[in-house]
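Hello,

Here is the structure I promised to pass on to you. Please have a look at it first, and then read my notes below.

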Amino acid sequence: MSTVEHVIILAVGKSLQLDGISKILIRHPTDGRTILDWAIEAFAGKRITVVVGFRAIQIMQAYPNLDYIHNPEWALTNNAMSLGLALTEAPTYVVSGDIFIEQRLIERLDREAPDLVLTSRREKRRLTAVYCVLDDAGCVIEPYQGPVRDMAHPESVGLFKVSSPEVLWQWRRRCIEHSNLFAGQLLPCDPPRVRSVCLADDELFFEVNTPTDYMELIRSRA
């Protein structure tokens with residue numbers, strides 16, 4: 001079983017396309033629980049640290065029993081800086097705070113490689129997505145953001161598990177040095193250690209960025 005007992009949730013930015021709501025407080029249309037409620041259940045038994053920025057007090061008041069790190073530069077930096085502030089030498093999961101995620105996925109990832117990035121080979125690709133070029137062993141040799149270069153390159157969907165001290169150290173340093181980028185773009189690849197693990201079709205992992213996304217979630221759970 002995994003020795004990764006820490007979780008970092010990145011919940012810093014302002015959701016301009018969602019009327020300024022804090023994404024981590026978005027409620028599921030079926031059960032009314034927030035994204036953070038789902039994460040707490042999915043990572044049951046692990047210590048959770050939430051990195052906050054926009055509407056930080058609102059989140060901390062609602063969940064006072066979690067650990068928090070505040071990014072005072074949240075409006076001027078990307079999520080790389082937020083991750084850089086939170087990473088330590090402790091093995092950890094890292095997940096974006098705009099994703100509904102279920103426990104059985106984390107239970108599977110606990111049994112997977114010690115250093116991994118969750119990926120998807122979905123046909124619908126976003127211009128802002130981060131993609132992974134893989135070697136023959138399925139490890140990331142280059143992450144990149146922007147138009148997909150090859151449909152064989154899987155998309156990084158915003159969840160990572162990192163255990164190796166070298167990867168943790170390199171990732172933290174790179175995130176601090178390049179704070180205007182996405183954390184996924186800065187994943188250490190020399191030597192390749194981080195394995196791509198593909199999301200299964202029947203595993204719930206739903207990202208909400210726009211009202212259209214939320215309408216799709218409503219339809220999918222009807």
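**What I found**

Val52 stands opposite His70 in strand E3. That is a handy place to start, and please keep in mind throughout that this is a predicted model.

Strands E2 and E3 are paired in the parallel sense, over four bridges. E2 also has a partner in E1: six bridges join these two strands, and they too run parallel. Within that pairing, Val7 is found opposite Ile48 of E2.

Now for the chain as a whole. It has six helices and eleven strands. Its C-alpha atoms fill a box of roughly 45 × 35 × 35 Å along the principal axes. The radius of gyration is 16 Å, which agrees with the value near 17 Å that a compact globule of 222 residues would have. Of those 222 residues, 54% count as buried. The accessible surface comes to about 10700 Å², and carbon and sulfur atoms account for 51% of it. If you look at contacts with a separation of 6 or more, 71% are between residues 24 or more positions apart.

The buried ones are Ala80, Met81, Ser82, Leu83, Gly84 and Ala86. What covers them? The cover includes strands E1 (6-11), E2 (47-52), E3 (67-70) and E4 (92-96), together with helix H5.

A search of the whole structure finds five aromatic pairs. One of them is formed by Tyr131 and Tyr144, a tilted pair at 5.6 Å centre to centre with 40° between the planes. This pair links distant parts of the chain, with Tyr131 in strand E7 (residues 130-134) and Tyr144 in strand E8 (residues 140-145), 13 residues apart. Both tyrosines, Tyr131 and Tyr144, are buried.

Phe160 and Trp171 make an edge-to-face pair, at 5.1 Å centre to centre and with 65° between the planes. Phe160 lies in strand E9 (residues 155-162) and Trp171 in helix H5 (residues 165-177), so this pair ties together parts that are eleven residues apart in sequence. Phe160 is buried, at a relative accessible area of 6%, and Trp171 is buried as well, at 0%.

Tyr144 has a further neighbour to look for: Arg149 lies over the face of its ring, 3.9 Å from the ring centre.

Last, please turn to Ile99, in strand E5 (residues 99-101). Is Ile99 buried or exposed? It is buried, because its relative accessible area is 2%. Leaving out residues up to four places away in sequence, Ile99 touches Ile35, Val157, Gly158, Phe205, Phe206 and Glu207. Ile99 and Asn209 are 110 residues apart in sequence, yet their C-alpha atoms are 9.1 Å apart in space.

Technical notes. Residues are numbered from 1 along each chain as its sequence is written. This is a predicted model: local features need pLDDT of at least 70, side-chain atom pairs count only at pLDDT 80 or more; totals for chains, interfaces and linings use all residues. Side-chain values use heavy atoms; hydrogens and water are left out. Rings of Phe, Tyr and Trp (its six-membered ring) pair if their centres lie within 6.5 Å; planes under 30 degrees apart count as stacked, over 60 as edge-to-face and the rest as tilted. Buried means under 20% relative accessible area, exposed over 50%, partly exposed in between (1.4 Å probe, protein chains only). A charge sits over a ring if NZ of Lys or CZ of Arg is within 6 Å of the ring centre and within 35 degrees of the ring normal. The radius of gyration is taken over C-alpha atoms; the globule rule is 2.2 Å times the number of residues to the power 0.38. Contact means heavy atoms within 4.5 Å. Accessible areas come from the Shrake-Rupley method with a 1.4 Å probe; for residues, only the protein chains shown count as cover. Two strands pair if DSSP finds at least two bridges between them.
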